[in-house]
Amino acid sequence: MIHRPRRLRTTPAMRRLVRETRLHPADLIWPVFAHEDLRAPRPISTMPGVFQYDLDSLARVAEQAVTAGVGALMLFAIPSDKDATGSAAKDPDGILAKAVRRVYDVTGDELPIIADLCLDEFTDHGHCGVLDSCGTVNNDQTLLHYQQMAVVLAQSGAHILGTSGMMDGQVGAVRTALDDHGAIDTSILAYAAKYASAFYGPFREAVESTLNGDRRTYQQDPANSHESLREVALDVAEGADIVMVKPALAYLDIVHQVRESVDVPVAAYVVSGEYAMIETAAAAGMIDRRAAIMEALTSVRRAGAGLIATYWAAQVATWIGES
Ligand code: PBG
């Protein structure tokens with residue numbers, strides 16, 4: 001026998017030598033939730049180990065992120081009051097703008113702040129945009145709200161805006177608004193290929209979503225892949241600096257195809273349901289938690305994502321630092 005692939009697997013050091021894919025803390029984006037009404041962190045029951053934070057505890061989380069060496073913090077915020085147009089999202093004293101400023105005060109340019117740019121946490125109907133009189137999401141009106149929100153978040157200190165609403169033309173609209181206000185260096189992380197996924201279930205509790213129905217008129221059909229390449233190409237043409245695929249684990253084929261099709265950085269988001277599945281199975285003693293997390297994130301990296309958004313970011317960064 002000439003070919004014995006097992007030779008390269010004989011010892012841990014041999015396996016390390018020929019390993020093709022590694023995770024590095026700097027590649028990890030840590031999504032965190034700020035809540036306007038809290039005085040202390042509150043656990044999110046659908047996402048074991050994930051919390052909503054008040055601004056003081058959020059500041060400590062930002063320090064922890066720097067210590068762990070994670071690549072960036074991604075901020076979501078839940079306001080006290082929601083209304084039809086998501087006014088709090090565009091308020092310079094709203095919770096998201098405040099959270100961005102608070103983190104920036106602590107970590108400055110040491111830790112890129114990605115602010116989520118979408119209305120769904122702020123609207124009383126829970127949709128990612130504003131509704132017309134028939135109750136459907138009005139794409140072009142929504143863009144005007146995103147433009148205002150973009151300027152507020154950039155002026156608050158966000159380095160990157162995560163356009164997650166899946167409105168047509170959102171990247172171009174946001175880029176124009178930023179440039180018109182001198183925010184030429186604020187980057188756009190486009191949720192370029194975002195599917196209407198059942199795996200967002202636990203997140204809806206995390207942001208106390210009031211959504212009735214679904215987002216299938218703006219998020220993508222899970223059955224499609226060419227459509228993702230079209231969405232990604234449009235976002236790059238409109239000025240996206242980074243493109244993201246979401247969810248990640250159920251869409252590794254899309255991650256791979258997107259990586260082959262563009263020359264900007266590609267991110268993938270391991271979403272709340274993907275997180276919860278592993279945590280729940282591990283808590284039930286069915287799988288080895290650490291091994292399952294590392295394997296799942298490595299698969300996303302191997303598929304082609306240079307950046308991975310994951311609720312395990314700090315945990316995994318710490319593990320990598322120890323090993
Ligand atoms: C909406 C948004 C969602 C997530 C991030 N941004 C939910 C949705 O589209 O319904 C989901 C994240 C997760 O499940 O971890 N702007």
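The count of salt bridges comes to 8, where a salt bridge is a side-chain nitrogen of Lys or Arg within 4 Å of a carboxyl oxygen of Asp or Glu. This is a predicted model, in which local features need pLDDT of at least 70 and side-chain atom pairs count only at pLDDT 80 or more, while totals for chains, interfaces and linings use all residues. Residues are numbered from 1 along each chain as its sequence is written, and side-chain values use heavy atoms, with hydrogens and water left out.

| Acidic residue | Basic residue | N to O distance |
| Asp 27 | Arg 301 | 3.4 Å |
| Asp 120 | Arg 215 | 3.6 Å |
| Asp 241 | Arg 175 | 4.0 Å |

Asp 27 forms a salt bridge with Arg 301. This pair links distant parts of the chain, 274 residues apart: Asp 27 is in the loop between H1 and strand S1 (28-35), and Arg 301 is in helix H10 (residues 289-303). Helices (H or I, at least four residues) and strands (E, at least two) are DSSP runs, numbered from the N terminus. Asp 27 counts as buried because its relative accessibility is 16%, whereas Arg 301 is partly exposed at 24%. Buried means under 20% relative accessible area, exposed means over 50%, and partly exposed is in between (1.4 Å probe, protein chains only).

Asp 120 and Arg 215 meet through their side chains in a salt bridge. The two are 95 residues apart, with Asp 120 in the loop between strand S5 (113-117) and helix H4 (139-156), and Arg 215 in the loop between helix H6 (201-206) and helix H7 (226-238). Both Asp 120 and Arg 215 are buried.

The side chains of Arg 175 and Asp 241 also meet in a salt bridge. Arg 175 belongs to helix H5 (residues 170-180) and Asp 241 to the loop between H7 and strand S8 (242-246), 66 residues apart. Arg 175 is buried, with a relative accessible area of 13%, while Asp 241 is partly exposed at 32%. Salt bridges that share partners join Arg 175, Asp 179 and Asp 241 into one network.

Charge patches on the surface come next. Patches are made of residues with over 30% relative accessible area and no salt bridge; like charges are joined within 9 Å, and nonpolar side chains (Val, Leu, Ile, Met, Phe, Trp, Tyr) within 5 Å. Arg 4, Arg 6, Arg 7 and Arg 9 make up a patch of positive charge on the surface. Arg 4 is in the segment before helix H1 (12-17) and counts as partly exposed because its relative accessibility is 44%. A patch of negative charge on the surface gathers Glu 36, Asp 37, Asp 81 and Asp 91. Asp 91 is in the loop between strand S4 (72-78) and helix H3 (95-107), and is partly exposed at 32%.

Two further residues are described by their contacts, meaning heavy atoms within 4.5 Å. Pro 48 lies in the loop between strand S2 (42-43) and strand S3 (51-53) and is partly exposed at 38% relative accessibility. Not counting residues up to four places away in sequence, Pro 48 touches Tyr 275 and Glu 279. Pro 48 and Tyr 275 are 227 residues apart in sequence, with 8.9 Å between their C-alpha atoms.

Arg 259, in helix H8 (residues 252-261), is partly exposed at 27% relative accessibility. Leaving aside neighbours within four places in sequence, Arg 259 is in contact with Val 264, Pro 265, Val 266 and Gly 304.

Key:
Accessible areas come from the Shrake-Rupley method with a 1.4 Å probe; for residues, only the protein chains shown count as cover. Lys and Arg count as positive and Asp and Glu as negative; His and the chain ends are not counted. The place of a charge is taken as NZ of Lys, CZ of Arg, CG of Asp or CD of Glu.
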